[in-house]
Amino acid sequence: MSAASHVVKGFYSAAQTADGGAILALLHPDFEARTAPGMPCGAGGVFSGPTEALTRVWGAVFAEYDTAPYDETWQETADGTVVVTGHYRGRARATGREYEAEFVHLWRVADGRISRLHQYTDTARWHEALAA
């Protein structure tokens, strides 16, 4: 496992235990998240900086869902991008409905910290779990 993949692996461990402090510690000061348009909770879009991403993406999602990303396949491209596929699994807190949504994450690491995330996921699965 490359150094970049090792850093990214730390994100999945932190997310699976909902450890916001550990997530923040892994993010570069210039971190940028590009998350899937249509994500519930206002969590879809472009977010700059570790605090904004933690609050508006992961914090917003964790408030509405008991969920985590589970990594399944790993690839590293020639330019150092770490490509991870897997599934988000969990349940919506308000409805108790379970869901599973496939994802692809494209990660960049700089100076030993995560500098960029580009996320693709099946947002319909997320919304179905929230539906009354």
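Trainee: What is the accessible surface of the protein, and how much of it belongs to carbon and sulfur atoms?

Mentor: The accessible surface comes to about 6400 Å², with 51% belonging to carbon and sulfur atoms; such areas come from the Shrake-Rupley method with a 1.4 Å probe, and for residues only the protein chains shown count as cover. This is a predicted model, in which local features need pLDDT of at least 70 and side-chain atom pairs count only at pLDDT 80 or more, whereas totals for chains, interfaces and linings use all residues. Residues are numbered from 1 along each chain as its sequence is written, and side-chain values use heavy atoms, leaving out hydrogens and water.

Trainee: Why does Asp71 count as buried, and why does Lys9 count as partly exposed?

Mentor: Buried means under 20% relative accessible area, exposed over 50%, and partly exposed in between (1.4 Å probe, protein chains only). Asp71 has 18% relative accessibility and therefore counts as buried, while Lys9, at 31%, counts as partly exposed.

Trainee: What makes Lys9 and Asp71 a salt bridge?

Mentor: The term requires a side-chain nitrogen of Lys or Arg within 4 Å of a carboxyl oxygen of Asp or Glu. The closest N and O atoms of Lys9 and Asp71 are 2.7 Å apart, and the pair forms a salt bridge.

Trainee: Which other pair is joined by a salt bridge at 3.4 Å?

Mentor: Arg108 and Asp79 form that salt bridge, 3.4 Å being the distance between their closest N and O atoms. By this rule the count comes to nine salt bridges.
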